[in-house]
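Today I went looking for charged pairs. Here are my notes, in the order I made them.

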Amino acid sequence: MNKVPLTVRGARLLREELQRLKAERPQISAAIGAAREHGDLRENAEYHAAKEQQGLAEARIRDIEAKLSLAQIIDVEKLDAGGKVVFGATVHLVNAEDDAEMRYQIVGEDEADIRQGLISIRSPLARAMIGKWEGDEIEVAAPKGRQSYEIVGVEYI
């Protein structure tokens, strides 16, 4: 099996979600029990909704447990790749066309949130940056065409 890269923060968030989901199990079971008391289960929308909620929660629990068991947790603050873009690095970019500046941290899939500047290691932009150095230029295929960027800074924070 392949290792799942996670930052320390990402692993903590997954553990918190797992703990929350496990804590919700008794409430979901109680909702199923209460819905059963309403009679015919074939036409009982509350029962079916509670069973669906239980299925989704159990699937997510299994997913998180699998990811944590395969996790390769990387403490970004202990990295020193000498200006090379690696998993966990925060990269400062400048768009070659309009000089727009942006900043992204490369994180695991479950941690990604573009609004917070967190991009998945599997995203086209992250794949283009990995292994590059401060001062390098990269090209990325984007929905609006190829985009060129210059890497103007790399931090491990």
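I counted 13 salt bridges, taking each as a side-chain nitrogen of Lys or Arg within 4 Å of a carboxyl oxygen of Asp or Glu. The model is a predicted one, where local features need pLDDT of at least 70, side-chain atom pairs count only at pLDDT 80 or more, and totals for chains, interfaces and linings use all residues. Residues are numbered from 1 along each chain as its sequence is written, and side-chain values use heavy atoms, with hydrogens and water left out.

I looked up glutamate 17 and found a salt bridge to arginine 60, with the closest N and O atoms 2.9 Å apart. Glutamate 17 sits in helix 1 (residues 8-36) and arginine 60 in helix 2 (residues 45-69), so this pair ties together parts that are 43 residues apart in sequence. My helices are DSSP runs of H or I, at least four residues, numbered from the N terminus.

I then checked accessibility, calling a residue buried under 20% relative accessible area, exposed over 50% and partly exposed in between (1.4 Å probe, protein chains only). Glutamate 17 is partly exposed at 23%, and arginine 60 is partly exposed at 23%.

Next I noted a salt bridge between glutamate 65 and lysine 22, 3.0 Å from N to O. Glutamate 65 is in helix 2 and lysine 22 in helix 1, 43 residues apart.

I also logged lysine 78 with aspartate 75, at 3.9 Å between the closest N and O atoms. Lysine 78 is exposed at 71%, while aspartate 75 is partly exposed at 29%.

Last, I traced a network of salt bridges linking Glu17, Arg60, Asp63, Lys67 and Asp110.

Note on methods:
Helix = DSSP H or I, 4+ residues; strand = E, 2+ residues; numbered from the N terminus.
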